[in-house]
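Morning, everyone. I have one model to show, and I'll keep it brief. Please have a look at it first.

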Amino acid sequence: MTSVSLQNVSKSYGAVEVLRDINLEINQGELVVFVGPSGCGKSTLLRMIAGLETISGGELQIDGTRMNETPPAQRGIAMVFQSYALYPHMTVRDNMAFGMKIAKKPKAEIDAAVANAARILQLEPYLDRLPKALSGGQRQRVAIGRAIVRDPKVFLFDEPLSNLDAALRVATRIEIAQLKESMPDSTMIYVTHDQVEAMTLASRIVVLHGGKIEQVGAPLELYERPANTFVAQFIGSPAMNLLDAEVTETGSQTAVATGMGGHAPVPIASHDSDRGQKVKLGVRPEDLTVTASDDYLFSAEVEIVEALGETTVLYFKPQNGEAPLIAKLPGIHSIGKGKTVRLCASPDKLHLFDSAGISFLYR
Ligand code: ADP
Ligand code: MG
């Protein structure tokens, strides 16, 4: 069942359009993550769903009902902010109960809802404390508890982990994943600029860039089949390498030559391409291996070596001012700075993009 539907939604501040042509269907029970660089419109889109921003064009539906003009309190949503936004003078219990008290719900119902949220979030020992006597992670759990108590149709999270330190972020991220599992029918929309959060939490990821949706898909679908160079480089760390290349064979398979002495068969069709066409060959750092063979993608001089034990990351001397190519090799290697090596990858790990940055798989 569709829970949230956005049809041709746009947002302008005066003459400045910050979101355009947003089309998205979110099903009940999904955890959809909006991810993208700072300023791409994630919060604006979430706030439009919440009713905290007006919708300039298009239609928003929640459970099949148009919501464009409905006040926030009547949309059946609950929002959790980065800043927690707890009432400092109220205990954890009262913070969580506040919304229901305002709505004049019976005391027994409020107590049961607060007890349920406290149990799910393991906040029972803290119910009588004030927010100032809690850690950042516990405060964020209270903010989530306040949302759970409202029993919303849709949970909205705007970068809820951004104020936590690295270790607490990981722990709280896992708690949110468990929370979602304990509430399989709840729909959640989660905004982050952190691709690890997106990859680990999402049933589907929506990649936003410059106010537009670049691609929607399951996390590994975006990793394995990015629709364009933006998604290819946004998902995965370090980012996918993009090599200038030229098509040498077209058809149901494609062959390319890189400008760096290498060549490769690519098992991707290119029926509508011509020999000599300029393309970008994509290969992830973790898919590269060092080879002595004449079958290689590129040959380059090692400029920086990062030996992390678990992996060795090689940064190659950039060609004509482009971003350095990167290889991420498992384990420990003795390759030193200044050495020139040949790199290859399994053909099924290669990606092909046209000069406009569109993947050959999606043309
Ligand atoms: P994100 O959450 O992805 O970092 P936002 O949704 O906050 O991005 O902002 C998207 C764009 O809209 C930004 O370019 C921002 O400057 C602009 N913007 C946000 N709020 C306003 C506003 N009230 N007036 C004008 N521009 C705004
Ligand atoms: Mg934001």
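Which residues are around ligand 1? Keep in mind that this is a predicted model. The list runs Tyr13, Val18, Pro37, Ser38, Gly39, Cys40, Gly41, Lys42, Ser43 and Thr44. By class, that shell splits into four nonpolar residues, five polar ones and one charged. Which helix gives the largest share of the shell? That is H1, residues 42–50, with three residues.

Start with tyrosine 13. An N or O atom in the side chain of tyrosine 13 sits 3.3 Å from a nitrogen atom of ligand 1.

Last item: a helix pair. Two packed helices are described by the angle between their axes and the distance between the axes. Our pair is H2, residues 92–102, and H4, residues 136–149. Their axes come within 8 Å. They cross at roughly 30°. Angles under 35 degrees count as roughly parallel, so H2 and H4 are roughly parallel to each other. Left-handed or right-handed, the crossing of H2 and H4? Right-handed.

That's the tour. Over to you.

Terms used
Residues numbered from 1 in each chain as written. Chains lettered and ligands numbered in written order. Predicted model: local features only at pLDDT ≥ 70, side-chain atom pairs only at ≥ 80, totals over all residues. Heavy atoms only, no water. Near = heavy atom within 4 Å. Polar contact = N/O pair within 3.5 Å; in protein donor to acceptor, adjacent residues only side chain to side chain. Helix = DSSP H or I, 4+ residues; strand = E, 2+ residues; numbered from the N terminus. Nonpolar A, V, L, I, M, F, W, Y, C, P; charged D, E, K, R; others polar. Axes fitted to C-alpha atoms, helices over the stretch in contact; angles between N-to-C directions. Parallel < 35°, antiparallel > 145°, perpendicular 65-115°, else oblique. Left-handed = near helix turned anticlockwise from the far one by under 90°.
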